[in-house]
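This report describes a single protein chain, from its overall form down to one residue and its surroundings. The sequence and structure are shown first.

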Amino acid sequence: MSTRIAFLKGHGTENDFVILPDPENAIDLPPTAVAALCDRRAGIGGDGLLHVVRSAAHPEAKEMAAEAEWFMDYRNGDGSVAEMCGNGVRVFARYLQRAGHVAEGDIAVATRGGVKSVHLAKDGGITVGMGKAVLPEGDVTVSVGERSWPARNVNMGNPHAVAFVDDLAHAGNLFTPPPFAPATAYPDGVNVEFVVDRGPHHVAVRVHERGSGETRSCGTGACAVAVAAARRDGADPAVTGTPSTYTVDVPGGRLVITERPDGEIEMTGPAVIVAEGELEAEWLDTVRF
């Protein structure tokens with residue numbers, strides 16, 4: 001009888017993920033296997049993979065085990081490792097709740113971007129403490145075809161380049177990474193957000209996520225956009241002493257981002273588990289190499 005491995009599928013504002021519960025970190029997941037699982041034709045399909053591991057069982061998370069029992073070992077759709085995924089954290093928390101590992105209220109999730117605080121509300125919404133944004137100095141530009149724009153360099157535990165444009169169609173197809181300059185600004189690649197205004201403290205975004213292409217939503221990207229918009233609008237909470245909240249529309253839905261005067265950023269949005277099933281372990285073995 002063949003061995004089977006449990007999996008689930010979930011999404012946060014249509015940023016979708018394969019969820020692989022593996023508490024003791026027993027499943028070998030090289031990049032080839034992750035890419036195969038995320039393949040939308042030959043695999044399950046997803047923008048990324050949420051590998052659910054107890055922090056104490058993972059070498060990258062052991063030091064966080066005292067703060068957070070569970071580690072989100074996040075991988076991009078191409079198999080590469082990523083520091084953080086805001087939509088992924090919400091879906092990860094929803095899985096923990098569904099599996100009975102956590103209840104409504106406040107929990108902590110370990111990520112490569114540090115321990116994130118998560119609140120599971122009774123109404124189904126999930127708020128994630130995303131930490132503070134870092135705004136590296138230096139001019140950055142991004143380009144699509146003959147057009148180029150200045151971009152705000154924002155780091156949310158992973159790198160972002162935020163460009164304000166007149167029309168989201170100017171972002172092109174976003175199948176390939178938009179060129180940026182200088183190359184030294186993002187030695188490991190970058191997530192690029194193209195932003196238009198919809199109203200006061202209300203923007204819409206398209207994003208190219210490194211390692212995944214255009215996605216329906218990007219949580220850390222929405223946070224980066226809110227920070228860049230606040231700075232552009234002269235609404236820096238550290239200066240005004242007042243929290244700054246932006247509504248960020250993404251192709252897959254809506255996120256609400258609040259930056260507090262102490263610099264901490266909170267993201268609120270939905271997370272849904274849509275399916276669960278079993279993988280053939282033999283198939284996974286064939287795609288590991």
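## Overall form

The model is predicted. Its chain contains five helices and 18 strands. Along the principal axes, the C-alpha atoms occupy a box of roughly 60 × 40 × 30 Å.

The radius of gyration is 19 Å, which agrees with the value near 19 Å for a compact globule of 289 residues. Counting contacts between residues at least 6 apart in sequence, 61% are between residues at least 24 apart.

Of the 289 residues, 52% are buried. The chain has an accessible surface of about 12500 Å², and carbon and sulfur atoms account for 51% of that area.

Asp73 is part of strand β4, which spans residues 70-76. Is this residue buried or exposed? Asp73 has a relative accessible area of 0%, and because the cut-off for burial is under 20%, Asp73 counts as buried.

What does the side chain of Asp73 make a polar contact with? The partner is the side chain of His51, at 2.7 Å. Beyond its neighbours within four places in sequence, Asp73 is in contact with Leu49, Leu50, His51, His58 and Arg112.

How values were computed:
Residues are numbered from 1 along each chain as its sequence is written. This is a predicted model: local features need pLDDT of at least 70, side-chain atom pairs count only at pLDDT 80 or more; totals for chains, interfaces and linings use all residues. Side-chain values use heavy atoms; hydrogens and water are left out. Helices (H or I, at least four residues) and strands (E, at least two) are DSSP runs, numbered from the N terminus. The radius of gyration is taken over C-alpha atoms; the globule rule is 2.2 Å times the number of residues to the power 0.38. Buried means under 20% relative accessible area, exposed over 50%, partly exposed in between (1.4 Å probe, protein chains only). Contact means heavy atoms within 4.5 Å. Accessible areas come from the Shrake-Rupley method with a 1.4 Å probe; for residues, only the protein chains shown count as cover. A polar contact is a pair of N or O atoms within 3.5 Å; within protein, one must be able to donate a hydrogen and the other to accept it, and residues adjacent in sequence count only if both atoms are side-chain atoms.
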